[in-house]
Amino acid sequence: MLWAEKYRPDNPFQLVGNEEVRLEFIKWLKNWKENSKAALLIGPPGIGKTTLVYACAKFLKYKVLELNASDVRTKGKLEIFLKPGLIYSNLFGEKAFAFLDEVDGIYGKQDYGGLEFLLEALKFSKVPMVFAANKEDERIKKLASHCEVFRMKKIAPRLIEIYLRHVLKREGLEGDDGLIREVVKSCEGDLRSALNNLQLAMANKSTEGLLTPSVQFPLEEGITKFFQAKDIYEAYEILSSIKAEPMDKLRALYNTLIVSELPLDLKLESLKVLSYADELLNRILKTQEWRQLKYLDRLLAFGLNNLLKGYTLSYREDSLSWPLKLRIWNDSKNLRDLALYLSKQFHVSSKDFLAFYLPLMIVLFKKKRLEDMFRALGLTENMIKAINKEAKSLEVD
């Protein structure tokens with residue numbers, strides 16, 4: 001287990017650094033009343049903004065309604081996922097507050113009124129609202145003017161060193177003074193990075209390969225570095241430092257693996273790891289449990305790094321030509337439309353239809369030309385063509 005999670009404080013008084021800000025935030029939450037201002041926590045990654053929010057919630061017995069604003073950031077999505085909680089959360093006497101992390105990620109042109117909705121929500125919310133941002137710039141000044149702003153600073157090196165020695169003591173380990181100081185220097189005030197780097201350094205008995213928290217990799221470079229990582233901890237740090245959406249990471253890993261020259265059995269096991277990660281990501285998208293995203297990079301790092309020891313891979317695109325990709329997309333779209341339509345007629349899920357009913361329909365179509373029956377079911381010409389194309393690819397007598 002990563003030490004950054006193992007030693008995550010569950011009490012606001014256990015955090016390191018930013019003492020005055022922590023006390024002011026606790027005071028704000030404790031004294032919040034309807035029509036009070038929202039809270040905006042601003043500070044660089046890894047200094048404890050999210051940890052402070054959840055520790056205070058536990059300390060003051062609040063339930064947290066969390067969204068990651070950089071993932072659900074349009075007005076429509078924010079309204080769907082956030083508005084009911086803001087209005088009805090306290091109906092049954094349960095204290096709750098809304099928490100939007102990475103709120104500085106909603107200010108692009110594509111966000112379709114996300115900021116306007118948040119400003120409107122401040123007026124009708126029946127619960128406290130807490131925002132967190134990694135940086136303070138012109139984009140968030142409009143929101144900040146409606147909030148109590150809590151500015152958190154990077155943690156002092158001496159405090160980080162004391163805390164790292166405390167963790168080593170709890171782990172029953174002894175760290176060389178030079179190694180600990182090198183870890184402190186590498187983290188640049190980011191305690192989470194310091195813990196991850198300390199765990200990596202103790203495992204390797206070396207500070208070689210430590211990552212600074214400011215490092216961010218473009219997708220192609222990051223995927224290559226990920227496959228070249230020396231151990232699971234370095235792989236995790238690299239993967240979590242790639243500047244890309246989770247789905248883009250999965251696609252890049254898939255493309256690289258699928259065109260690689262790995263042994264077939266090893267490639268299969270690696271793709272299984274990706275399938276588990278894909279299931280997790282889809283569950284997160286469906287439930288909006290964004291805090292589970294932290295497990296996605298870990299699952300990939302721990303699964304793939306263990307499997308691929310001794311193999312060196314580099315980022316590669318799939319080898320399919322664009323016309324072929326377009327054909328695959330068009331054919332799959334017709335089949336998806338078919339499954340969506342007929343699953344309702346047969347009163348089954350579209351997944352069950354694709355798995356069990358569609359293969360039977362294709363075989364029947366190959367044996368007996370059933371266009372008239374399919375048209376009677378309401379299938380479009382494109383759907384029938386898709387079935388016909390699938391049937392032609394089968395060798396059925």
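Student: Let's start with H7. Which residues of H7 are buried?
Tutor: First, a caution: this is a predicted model. The buried residues of H7 are Ile160, Glu161, Tyr163, Leu164, Val167 and Leu168. They sit on the same side of H7, because their arc around the axis is only 165 degrees.

Student: And which residues are exposed on the other side of H7?
Tutor: Arg158, Lys169 and Arg170 are exposed there.

Student: How far apart are the end C-alpha atoms of H7?
Tutor: They are 21 Å apart. H7 covers residues 157–171, so 15 residues at 1.5 Å a residue should span 21 Å, and the two values agree.

Student: What comes just after H7?
Tutor: Gly172 does, and Gly172 has a positive phi of about 70 degrees.

Student: Back to Glu161. Buried or exposed, and at what relative accessible area?
Tutor: Glu161 has a relative accessible area of 10%. The cut-off for buried is under 20%, so Glu161 counts as buried.

Student: Which residue forms a salt bridge with Glu161?
Tutor: Arg165 does, with the closest N and O atoms 3.0 Å apart. Glu161 and Arg165 are four residues apart in helix H7, so about one helical turn separates them. Arg165 is partly exposed, at 29% relative accessible area.

Student: Which residues are linked with Glu161 and Arg165 in a network?
Tutor: Arg158, Asp177 and Arg181 are linked with them in a network of salt bridges.

Student: How many salt bridges does the count come to?
Tutor: The count comes to 10 salt bridges. One of them joins the side chains of Glu171 and Lys6, at 2.8 Å from N to O. That pair links distant parts of the chain. Glu171 lies in helix H7 and Lys6 in helix H1 (residues 3–6), 165 residues apart.

Student: How accessible is Glu171? And Lys6?
Tutor: Glu171 is partly exposed, with a relative accessible area of 24%. Lys6 is also partly exposed, at 44%.

Student: What about H12? Where do Arg251 and Asp248 lie in it?
Tutor: Both are in helix H12, three residues apart, or about one turn of the helix. Arg251 forms a salt bridge with Asp248, and their closest N and O atoms are 3.4 Å apart. Arg251 is partly exposed at 49% relative accessibility. Asp248 is partly exposed too, at 32%.

Student: New topic, cores. Which residues touch the most other members in the largest nonpolar core?
Tutor: Phe226 and Leu300 do, out of 35 residues in that core. H13 gives the most, with seven residues.

Student: Which residues is Phe226 in contact with, leaving aside neighbours within four places in sequence?
Tutor: The contacts are Ala235, Ile238, Leu239, Leu253, Leu300, Ala301 and Leu304.

Student: How many residues are in the second core?
Tutor: That separate core has 24 residues, among them Ala39, Leu41, Val53 and Phe99.

Student: Last topic, rings. How many aromatic pairs does a search of the whole structure find?
Tutor: The search finds seven. One of them is Tyr62 with Phe97, a tilted pair at 5.6 Å centre to centre with 55 degrees between the planes.

Student: Where do Tyr62 and Phe97 lie?
Tutor: Tyr62 is in the loop between helix H3 (49–59) and strand S2 (63–68). Phe97 is in strand S3 (residues 96–101), and the two are 35 residues apart. Tyr62 is buried, with a relative accessible area of 16%. Phe97 is buried at 0%.

Student: How are the planes of Phe226 and Phe227 set?
Tutor: Their planes are at 65 degrees and their ring centres 5.3 Å apart, so the pair is edge-to-face. Both Phe226 and Phe227 are buried.

Student: Which residues form an aromatic cluster?
Tutor: Phe25, Trp28 and Phe150 form one.

Terms used. Residues are numbered from 1 along each chain as its sequence is written. This is a predicted model: local features need pLDDT of at least 70, side-chain atom pairs count only at pLDDT 80 or more; totals for chains, interfaces and linings use all residues. Side-chain values use heavy atoms; hydrogens and water are left out. A nonpolar core is a set of buried Ala, Val, Leu, Ile, Met, Phe, Trp, Tyr and Cys residues joined through side-chain atoms within 4.5 Å. Buried means under 20% relative accessible area, exposed over 50%, partly exposed in between (1.4 Å probe, protein chains only). Contact means heavy atoms within 4.5 Å. The expected span of a helix is 1.5 Å times one less than its number of residues. The arc is that of the directions from the helix axis to the C-beta atoms. A salt bridge is a side-chain nitrogen of Lys or Arg within 4 Å of a carboxyl oxygen of Asp or Glu. Rings of Phe, Tyr and Trp (its six-membered ring) pair if their centres lie within 6.5 Å; planes under 30 degrees apart count as stacked, over 60 as edge-to-face and the rest as tilted.
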